Amino acid sequence: MIIDLTGTTSSEIASALLRARRNAGSPAMGMVGTIVVVVDEASHHDAMKAANEAGREHPSRVLVAILRPGRGASGLDAEVRVGEGIPGEAVLLRLHGELAKVPESVITPLLLPDSPVIVWWPGGGPKVPADDPLGRLGRRKVTDAAATRRASVDFSARAEGYQPGDTDFAWTRLTPWRALMAAALDQYPTKVTGAEVVSAKGNPSADLMAAWLQQRLGVAVEQKTSRGPGVTAVRLFTPTGPISLTRPDGAVATFSIPGQPDRPVALKRRTTSELLSEELRRLDPDDVYARTLACMVEREAMPADAKKVSAVDRRTAQTAASKAASRTAAADAPAPKQTTAKKSAVKKSVAKKAVAKKTATKKTAAKKSTGKRVAGRS
């Protein structure tokens, strides 16, 4: 059911939601929270679609706010959607004029009572989400640095103004990468002397990955560029060889550990709805993200040489990897084939043994026959 409301108010929108639920035959609200999406006109359709898809796992009330500040008259237009393949409820809000400068006055009456609020800015978000009027309403505040060209500047401001509940899709995209690298060190505990992150130019996830590795391992982390897409490789240099996770195509990665065969790992680039679903699963403060942000700011102030892996550590890891590969190749190599001369000698030896055996058999038979004749004469 879709209800269009022009020149409306928050009270009329709430009444329309109640009528729509009753007409749909489900007056009770089975939703777990409210997702507030702050977006522009051009991208509101994709944002609403992603929020509704995430709502299949977490049924929620989705409030999509399109802010249109200007000198025109204040006004509020709304589109209420219940049913129509939507797991919860969706309201598209267009705020005009002065009303767009105080969006919290419209959003607050529409929040579900006694339930968490997640505020999401698909187009990037404010530098300090906790200072935003809508950000103050949310327990979880989700930004996306990859949607802007000033990611490093935004992260610096967000590190200084970090509040519990802040997060960014650039960090969410790293969850499988961080899990695999942590699992590698659990399976193969060794000393890490340096690390390397390879990605497309200007990728904020790569910056966060480098900061996370430096903060957790306390080693120099070097960043290199590739054609992408996104992060294409992460390597940990150890005295026994590199531990690497390489994904050149954005779908399947190769997981390499010294002394073990390479393994393919499904590591596709996730959709926006999958990223949002992950953020909805946990609403507690992400302390690791906070520490990584602080380390990222420290890295920006470091000299370039301090963020490079030493040539000695890199060469040691590569040499160990080459030796391990040689040992593996030697162990897997087939046994050498016998030459023609060896084959001939073996055949002659076998033939001689057969003749000797046959002669011995005949002599034994002759002795037995002679013994029988002698016994008959006597």
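Colleague: What makes Gly194 a residue with something opposite in β11?

Modeller: Gly194 faces Phe237 in β11. This is a predicted model, where local features need pLDDT of at least 70, side-chain atom pairs count only at pLDDT 80 or more, and totals for chains, interfaces and linings use all residues. Residues are numbered from 1 along each chain as its sequence is written, and side-chain values use heavy atoms, with hydrogens and water left out.

Colleague: How do you know that β9 and β11 are paired strands?

Modeller: Strands are DSSP runs of E with at least two residues, numbered from the N terminus. Two of them pair if DSSP finds at least two bridges between them. β9 (residues 194-200) and β11 (residues 231-237) have 6 bridges and run antiparallel, so they count as a pair by that rule.

Colleague: Why are β10 and β14 said to stand at the edges?

Modeller: The open, mixed sheet runs β10-β9-β11-β12-β13-β14. β10 (221-226) and β14 (263-266) each have a single partner strand, so one side of each lacks a neighbour in the sheet.

Colleague: And why is α7 called a helix of about the expected span?

Modeller: A helix is a DSSP run of H or I with at least four residues. The expected span is 1.5 Å times one less than the number of residues. α7 (residues 204-217) has 14 residues and reaches 20 Å from first C-alpha to last, close to the expected 20 Å.

Colleague: What makes α7 "mostly covered"?

Modeller: Buried means under 20% relative accessible area (exposed is over 50%, partly exposed in between; 1.4 Å probe, protein chains only). In α7, 10 of 14 residues are buried, including Leu208 and Trp212.
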